[in-house]
Amino acid sequence: MNFLKRYYQALTALFVFIIYLFTLAPSVVEIDSGELAAVQALAGIAHPTGYPLFTMAGYLLLKVLFPFRTIFAANLLAALWCTLGVVFFMKSASFVLNNLSVFNTPSEKFRSKKEKKDKHHREAAHKVALHKKETASNDASAGAGEINEVKKILSIILGALVLAFSKTFWMQSTSVEVYSLHIFLINLIIYFLLRAFAFDAAGRKHPFSGWIIFSLALALGFSNHMTTLLILPGAAYFYFQRHKYNVSDSYKKIALMLLCFFPLLILIYAYLPIRAAENPVLNWGNPVDLERFLRHVSGKQYQVWLFSSAGAARRQLELFITTLPGEFAIVSLLFVILGIYQAFGLAKKFSVFLVICFSFTVLYSINYDIVDISSYFLLAYISLSFFAVFGVLKVFSILKSAGENPYVMPASLAALFIMLQIYFNLKDVNRSGVYTFEDYTKSVIESTEKNSIIFSYEWDYLIAPAYYLQKVENFRKDAVIIDKELLRRSWYYNQLERNHPVIASRLKPFSEPFLKALQPFERSENFSAELLESLYRTMMTRLVEDNLQDHPFYIAPELVENEMQRGEFSLPRGYSLVPDLFLFKVVKDDSTYVPARNPDFTIRLPRYRDHYINFIENTAGAMLVRRAMYEMKFDKTERAKLYLNKVKKEFPDYQIPYSLEQAFN
């Protein structure tokens, strides 16, 4: 029993971490994985809001994890952060359960009334206790106390597992992401917030003020991710529960907290302008001056999606509601539902805090109209998991059983539910065999000639993974990938000049007037949208024309199918496109056959698919079919068969056009 009391948090964390290892991605995955791994490895600057703590901590810790491949080490670090988040979740739950009187203290308004009622209950309880004392042995009493402690520990463990294996939380442990560190920090903040409130409520003296420590933890949270602000309403509730009757003392303490909060926050964010001044390989936003710094840390370019419309908020709310059962695989929601009732009975103030955190998180996050919104709901899932701790306690009360171990049956039932949660969520979070994005990115780049330029905006599947593979692992550094969408941002030209000075120099006669017209737009001043778009289109065309003499030029299929079809981007006069393996190659004369490499690539597709994997399969399959049709155009039947057979082998689920299939039958 003493062993369980002492080591249950460490043992639970070890179990969670081992499961995380089994589902860990071995390589880059979709969206920002490649960029963030490269930023950590090279001490660069990430996309807004910059994430300086994430970058610096990752850079230092990746040095410690040197024996592993860099991307695996970065993914492993994500699993460690999430595991630490589970540890501090357990610490918080334990602290609350061990201090229930603090978190269930009645307000002053009803104190005297409740004291009279409690006095009556104590007198009655005293009489019952005297009777029990006569009929029960000391050993039995000690045994009952031990069982209660075990129930408490088991409830904390099982509640922590509900959180650890909830879908979005678990997903953050599988690959490098800023949300993994955010998970650790938000649980750290909650822990120190609870301690600060408890010390205040008990009137205890502490060598270091609990609220000061909380403010420092809060600064760490904000230096990683701005959604740390979602904890503030709940923190304010706790703070003013104690200090609302002493306004002078309250605001003095807030001022002291801010005096600790801002220096630490500023110190960490100073990384951005200091490192930007050194012009690193990855220098998103180039925040070298105050204007660019504020634009970067405020995420100005993403604000267009924040509070965009009531319709968007409604869609995101519907998404949250419909996906919530799946987060806990439905079964573990039972603990949450039972726990809400139990928690309000045992720890009302803590319950109100959880409701505030949950409500504010959901109401704020649904106003952000982005696809990968689930990570913004993490605090809501953490809040529900705290209720799950109380829910497991309630299960112990409902399923009372006789015998030496009356907690075995309810604990076993709860464990069964959590195992079902792990089983149902596993297929959606397991990244252990995902090499698809590395294979696809390498295959695309390898299909091009030496010193080629690839013009694309496939960030999730190609550009972000290429940042890591090219900049960190030095894979085909001769190939230049230019992001069509980032050409709309002024900072990108500094990065282009730093990494590819010749290309940037050729573009300068056209980029300079564009950047001049772009400046008022970035400053939220009056600007000419028509002029800006005209200069932008001209610049894209000249990017192609001025580099064709010494750079084979390739254009990604999404540009051809969208911008070129709509007339938003056009090739220089006299040039056309031919389908290559994965890209379209710019050629002078399309009437002459242009050879392409053999399709000798391999793209490993995982057992479980999602829309990102399906996109790669469909995009690659479609381009190979286009190449086969191009070969048929020049009567090269055997070459056409080569590409079609590759589609059947690599992408068996891709539907080859019926007419093309018939041509070979």
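**Backbone features and helix packing**

In this predicted model, T49 is situated in the loop that links α2 (33-42) to α3 (52-64). The peptide bond leading from P48 into T49 adopts the cis form, its omega being near 15°. Most residues other than glycine have a negative phi, and most peptide bonds are trans. Against that background, several further backbone positions can be described.

I31, which is not a glycine, has a positive phi of about 65°. This residue belongs to the loop between α1 (2-22) and α2. With a relative accessible area of 16%, I31 falls below the 20% limit and is therefore classed as buried. The loop between α1 and α2 also contains E30, whose relative accessible area of 10% likewise places it in the buried class. The side chain of E30 is joined to that of R431 by a polar contact of 2.7 Å. When neighbours within four places in sequence are set aside, the contacts of E30 comprise R431, F437, D460 and Y612.

The buried residues of α2 are S33, G34, E35, L36, A37, A38, V39, Q40 and A41. Just after α2 comes A43, with a positive phi of about 55°.

A positive phi is also found at S524, a residue other than glycine, where the angle is near 60°. S524 is placed in the loop connecting α23 (501-522) and α24 (529-545). In contrast to the buried I31, S524 has a relative accessible area of 53%, which lies over the 50% limit, so this residue is exposed.

Within helix α4 (residues 70-98), A73 was examined. A73 has a relative accessibility of 1% and is thus buried. Apart from residues up to four places away in sequence, A73 is in contact with L62, L65 and F68. The C-alpha atom of A73 lies 38 Å from that of S351, a residue 278 positions away along the chain.

Helix α26 spans residues 611-633, a total of 23 residues. The distance between its first and last C-alpha atoms is 32 Å, close to the 33 Å expected at 1.5 Å a residue. The N-terminal end of α26 is capped by D610, one of whose side-chain oxygens is 3.0 Å from the backbone nitrogen of Y612. Y612 is also among the residues contacted by E30. After α26 comes D635, with a positive phi near 60°.

Two packed helices are described by the angle between their axes and the distance between the axes. For α26 and helix α27 (residues 637-650), the axes come within 8 Å and the crossing angle is roughly 170°. This angle exceeds the 145-degree limit, so α26 runs roughly antiparallel to α27. The crossing of α26 past α27 is left-handed. On the α26 side, the contacting residues are G621, L624, V625, R627, A628, E631 and M632. Their counterparts in α27 are T637, R639, A640, Y643, L644, K646 and V647.

Definitions and conventions: Residues are numbered from 1 along each chain as its sequence is written. This is a predicted model: local features need pLDDT of at least 70, side-chain atom pairs count only at pLDDT 80 or more; totals for chains, interfaces and linings use all residues. Side-chain values use heavy atoms; hydrogens and water are left out. Helices (H or I, at least four residues) and strands (E, at least two) are DSSP runs, numbered from the N terminus. The expected span of a helix is 1.5 Å times one less than its number of residues. A polar contact is a pair of N or O atoms within 3.5 Å; within protein, one must be able to donate a hydrogen and the other to accept it, and residues adjacent in sequence count only if both atoms are side-chain atoms. Buried means under 20% relative accessible area, exposed over 50%, partly exposed in between (1.4 Å probe, protein chains only). Axes are lines fitted to C-alpha atoms, for helices over the stretch in contact, and angles run from 0 to 180 degrees between N-to-C directions. Angles under 35 degrees count as roughly parallel, over 145 as roughly antiparallel, 65 to 115 as roughly perpendicular and the rest as oblique. A crossing is left-handed if the near helix is turned anticlockwise from the far one by less than a right angle, and right-handed if clockwise. Contact means heavy atoms within 4.5 Å.
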